[in-house]
Amino acid sequence: MNPRISCAFGSPGRYIQGPKELDRLNVHTEKFGKKAFAVIDSFFFDEFTEKLTAIYETSDGAFESFMYHTEITKELIGQASAKALAFSPDVIIGIGGGKSLDTAKAVAHQLGLPLVIIPTSASTDAPTSAMSVIYNDRHEHDDVYYYIKNPDLVLVDSTIIANAPVRFLVAGMGDALATVFEGRAS
């Protein structure tokens, strides 16, 4: 073996998958504390904010959310981080697609907090990675943030995944194929 070649492996601290796991989010996050702050994709924002606020209130916890709705920019990350900091959470949660999850990763990193990721489709590798791809307001690639650790927990609610539009699954297959070329390029 060539001594100049090394290998690395990174993965989430824990992976949980099953139907209706979102309904048990407070049970999973109480290991980190009682106050949870979530970055939620705009498509799910109203429904999940209402549902999770009620769940956390019944367990003596607190829940606050931030709507991901545009592009993952440095400015949006700053806005989400400021709102989270004002809430003083114990854990950051990302719910949605790749860009909302990447936003949550950046917020968790900036605040030095544990991170729980909840993907809403099987179309991205963002839930398990230790990086965020950053864009600008013109939807152009701007930067990549690399983190020293992967998410603490990836929670997959199989009911949500099963109900995701088929086009997202197909898009995920395309993303997986593109990853081959991304890997070779880097």
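Helix α3, which spans residues 74-87, contains 14 residues and reaches 20 Å from its first C-alpha to its last, close to the 20 Å expected at 1.5 Å a residue (the expected span is 1.5 Å times one less than the number of residues). Helices (H or I, at least four residues) and strands (E, at least two) are DSSP runs, numbered from the N terminus. The structure is a predicted model, in which local features need pLDDT of at least 70 and side-chain atom pairs count only at pLDDT 80 or more, while totals for chains, interfaces and linings use all residues. Residues are numbered from 1 along each chain as its sequence is written, and side-chain values use heavy atoms, with hydrogens and water left out.

The buried residues of α3 are Leu76, Ile77, Ala80, Ser81, Ala84 and Phe87 (buried means under 20% relative accessible area, exposed over 50%, and partly exposed in between, with a 1.4 Å probe and protein chains only). These residues cover an arc of only 130° around the axis, which puts them on the same side of α3; the arc is that of the directions from the helix axis to the C-beta atoms. On the other side of α3, Glu75, Leu85 and Ala86 are exposed. The cover over the buried residues of α3 includes the strands β2 (35-41), β3 (62-68), β4 (91-96), β6 (131-135) and β7 (141-146), together with helix α4 (98-111). Just after α3, serine 88 takes a positive phi of about 55°.

Positive phi values are also found in two loops. Lysine 20, which is not a glycine, has a positive phi of about 65°. This residue is placed in the loop between β1 (15-18) and α1 (25-29) and is partly exposed, with a relative accessible area of 48%. Histidine 139 lies in the loop between β6 and β7, and its phi is positive, near 65°. At 52% relative accessibility, histidine 139 counts as exposed.

Valine 154, by contrast, is placed in strand β8 (residues 153-157) and counts as buried at 1% relative accessibility. Leaving aside residues up to four places away in sequence, valine 154 touches Pro12, Arg14, Tyr15, Ile16, Ile117, Pro119, Pro127 and Thr128, where contact means heavy atoms within 4.5 Å.

Grid points are joined across faces, edges and corners, and a volume is the space filled by probe spheres set on the points. The whole structure holds one cavity of 30 Å³ or more. The largest cavity has a volume of about 40 Å³, and its lining consists of Asn26, Thr29, Glu30, Gly33, Lys34, Tyr56, Ser59 and Gly61.

The largest pocket has a volume of about 1100 Å³. Of the 42 residues that line the largest pocket, Gly97, Gly98, Lys99, Thr124 and Ala126 are the closest to its centre. Helix α6 provides the largest share of this lining, six residues. The second largest pocket has a volume of about 190 Å³. Of its 14 lining residues, the closest to the centre are Ala108, His109, Leu113, Tyr147 and Lys149, and the largest share of the lining, three residues, comes from α4.

Note on methods: 1 Å grid on protein atoms, 1.4 Å probe; cavity = no way out; pocket = protein on both sides within 12 Å on 5 of 7 lines; lining within 4 Å.
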